[in-house]
Amino acid sequence: MKKLHTEVIAQAQVAGNFLTDVADVFLFILRIIKESFSGHFEFKEFFHQCYQIGYKTLPLISIIGTIIGLVLTIQSRPALVDFGAVSLLPGMVSTSLIREMGPVITALICAGKIGSGMGAELGSMRVTEQIDAMEVSSTNPMKFLVVTRVWAATLMIPLLVLYADGLGILGSWAGANIKGDVSFSLFFAQAFASVDYIDFLPAFIKSIFFGAIIGIVGCYKGYNAGRGTESVGIAANSAVVNASLLVIILDMIAVQITDMLVL
Amino acid sequence: MKNTAVIEIRNLKKAFGQQEVLKSVSLQLFDKENLVVLGKSGSGKSVLIKCIAGLLKPDDGSVTVFDKNISEISREELGLLREKIGFLFQGGALYDSMTVKENLEFPLRRIKRDLTETEIRKKTMEVLENVGLADALDKMPSQLSGGMRKRISLARTIIVDPLIMLYDEPTTGLDPATSDEISTLINEIQKKYKTSSIIITHDINCARKTGDRIIMLEEGEVFKEGKIEEFEKSTNQLVKSFFL
């Protein structure tokens, strides 16, 4: 009986901690919104973060985008050849890239690179009292560090998704030419003929939310890191895990909503 | 004249969960005075100055800086008050991603917004020369030694001409010679910038060299207060343990 009682209390504490965390995240988001629209905006730092998040992630996204398009084409081609439907290949690949593969894979890569970077950088700044130093220098660290990073991620990740989509289709054309012979202009014409705004728009909108989630989770974990050096690793790790999980969950919700609206 | 209190703390209490770090601390810092706060690790010294700078919110009691109660003023007022307070962090807290120049310019551009580029350059060089590191302008914090980081951090703090300086363990982790240099620097800054300072330390040499008055904290309370000579003559075991 006593063991059961202890177990119930332990479970209640876990549930209580979870609810406290949810409330903390909610308050953190409210504060980001408030700080974004009150007082001056740190444009210089925002552009610096856009450069860090956008430009510095380009090489990685270039490689991954191209390979995804190439692999998708090589894997799909035999099945389409069997059905005599190889002409559908550009449309099929472009639709799957634009609707799903491009946004989700780019977001997951960014959750790993950008989310962990934010978690580690802000966590390290917290541990070494740089955030406190900023505060005593009459600088609002929430505005300078968090708001700029979240908006930069929200803006740059959808652009990276578009870039990955483009390179994915280019990779697909390269893949189609390994065993076939299709001109660049014909492949692209067929690829884009199959894509409607209903394929592009929901994917672009969900990419914006992916960017916001990656920025918020990375900053939340780093900004609220504990005091020891161990906390930096924990912040970086949990930023990646939570951001990736939330991207997948949000993708599932976005697909359901798109499906309902299209029907 | 050292009779005007620039900081007044009354019955300050601060706890983290069940752990009471500050039980009831009252003290005053007078104008142009160097007050040393001595105490063992965990006695609540750093928490005390973080409460003064508004980085931690007291559970009870009051912290008044220039006649303004830190807990009762708005965020904007706190920002304005902080412009008069310099805080030297234990590890220096230099911004890793910025050069020394950018570190120094960061508070200057935000607090003294009306300065021209020439004035900013001049001020930056002036404080660097004051801490004896005029050639470190373009270095990154990772390229600096522990003592150099402390000096640059000190330069970043004094660049905005604060009226109060809060030093959190300024000599911790430094060799005796560098510790002595930092203590000398604290005195020079006090003379040159006419600051009032609270120096948190457990380094007795630093306390001897810099302190006009000493307060000893023990288990979250003021244990003893007086001049360095009074501490040196004390027969109390705890006090003697610091002066061996």
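The model under discussion is predicted.

Let me begin with chain A as a whole. Chain A has 263 residues, and 43% of them count as buried. Its secondary structure consists of 9 helices and 0 strands, and the order from the N terminus is accordingly written α-α-α-α-α-α-α-α-α. Along the principal axes, the C-alpha atoms of chain A fill a box of roughly 65 × 60 × 35 Å. As for contacts within chain A, consider those between residues at least 6 apart in sequence: 88% of them join residues at least 24 apart.

I turn now to the domains. Chain A is divided in two, with residues 1–38 forming domain 1 and residues 39–262 forming domain 2. The centres of these two domains of chain A, taken over C-alpha atoms, are separated by 28 Å. Where they meet, domain 1 of chain A places 8 residues in contact with 10 residues of domain 2 of chain A. On the domain 1 side, the residues touching domain 2 comprise 4 nonpolar, 2 polar and 2 charged.

Finally, the contact between the chains. Chain A contributes 10 residues, and chain B contributes 15 residues. Which elements of chain B each supply at least two residues to the side that touches chain A? They are α2 (75–82), β6 (85–88) and α3 (100–111) of chain B. The most comes from α3(B), which gives 4 residues to that side. By residue class, the side of chain B that touches chain A holds 10 nonpolar, 2 polar and 3 charged residues.

Technical notes
Residues numbered from 1 in each chain as written. Chains lettered and ligands numbered in written order. Predicted model: local features only at pLDDT ≥ 70, side-chain atom pairs only at ≥ 80, totals over all residues. Contact = placed C-beta atoms within 7 Å. Nonpolar A, V, L, I, M, F, W, Y, C, P; charged D, E, K, R; others polar. Domains from an automatic or database assignment. Buried ≥ 20, exposed ≤ 12 C-beta atoms within 10 Å, placed from the backbone.
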